[in-house]
Amino acid sequence: MADIILNVEVRDRTGTGGARETRRAGMVPGVLYGGAKDPVAIAVKANEFRKALHTGKLLGHLVTLKYGDETQPVIAKAVDMHPVNDEPVHFDLYRVDEHQLIKINVPVHFKNHEASPGLKKGGTLNIVRHDVELACPADHIPEELIFDLTGLEIGDTIRMSAFTLPEGVKPGVDRDFVVATLAGSSASASADAATDDAAAAAATTTV
C-alpha cells in the first residue's frame, strides 16, 4: 500500500461557506471523487495535510485514505494553494483500485547538461512540456521521467519515444509529441553565420 495515510472526516456542509467553516476549524477541505460512488465532501487536519504535502509524495501519488476503520487507495490529483501565504486550501482525491491502470501527469527533468555539445556551444534547451501524461498502474506511478542530454547537438528534438519508460508504463496518448528541443542562441547563430561567410569568401578567393 501507499506510504502516506490521510485520516479524513466527512463534511456536513459544502460550498464556499462550508469550506470557510472547515478552514476555521483548522482543517483543509477536499472532495473524494471517482469509482461508482457519488462525490463526498471530506476534510483533513491542516497540520497533517501540510506534513503529507511536504513529503513530495502526496500530489500525483497513490495514498491511503482512512475514515474510521475503513481504508481506500486514492490518487491525490489536485491541491489548491492560497496565493498569499501558500497554505493548502482545497484538495481533490480520486478513488482507484490499487493495481488499476490510470492516466496521470508525471514531471520531466533533464540531466548531464554539461555533456551536451550543443549546450556547450551556447545552445538553449527549450522545454515544451514540463510534465507528460502516462498510463500506468496506480501503485507504480513513476516519480519523474529523466532524459540524458549527453551528446545532444543544436537542432536535436527530444520526443516522447526517446524516453525509457518503466515496465508496464506507456504514454497516455498515442502520439510521438515533442517534449523539448535544443535551439541555437542568437550569439551562436551569428557565429555560425560568420563562419559560413568566411568559408564562402575563402572559396571565392581561391577560385
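**Figure 1. Glu153 in its salt bridge with Lys121.** In this predicted model, Glu153 has a relative accessible area of 31% and is classed as partly exposed. The side chain of Glu153 meets that of Lys121 in a salt bridge, with an N to O distance of 3.1 Å.

**Figure 2. The salt bridge between Glu87 and Arg50.** The closest N and O atoms of Glu87 and Arg50 are 3.2 Å apart. This pair links distant parts of the chain, 37 residues apart: Glu87 belongs to the loop between strand 5 (70–81) and strand 6 (88–95), and Arg50 belongs to helix 2 (residues 46–54). Glu87 is partly exposed, at 30% relative accessibility. Arg50 is likewise partly exposed, with a relative accessible area of 30%. By the rule applied here, the count of salt bridges comes to two.

**Figure 3. Pro166 and Pro142.** Pro166 is placed in the loop between strand 11 and strand 12 (170–171). With a relative accessibility of 37%, Pro166 counts as partly exposed. In sequence, Pro166 and Pro142 are separated by 24 residues; in space, the distance between Pro166 and Pro142 is 7.7 Å, taken from C-alpha to C-alpha.

**Figure 4. The protein as the setting for the close-up views.** The secondary structure of the predicted model consists of four helices and 13 strands. The protein has 207 residues, of which 36% count as buried. Its accessible surface comes to about 12,200 Å², and carbon and sulfur atoms account for 51% of that surface. When contacts between residues at least 6 apart in sequence are considered, 65% of them join residues at least 24 apart.

Definitions and conventions. Residues are numbered from 1 along each chain as its sequence is written. This is a predicted model: local features need pLDDT of at least 70, side-chain atom pairs count only at pLDDT 80 or more; totals for chains, interfaces and linings use all residues. Side-chain values use heavy atoms; hydrogens and water are left out. Helices (H or I, at least four residues) and strands (E, at least two) are DSSP runs, numbered from the N terminus. Buried means under 20% relative accessible area, exposed over 50%, partly exposed in between (1.4 Å probe, protein chains only). Contact means heavy atoms within 4.5 Å. Accessible areas come from the Shrake-Rupley method with a 1.4 Å probe; for residues, only the protein chains shown count as cover. A salt bridge is a side-chain nitrogen of Lys or Arg within 4 Å of a carboxyl oxygen of Asp or Glu.
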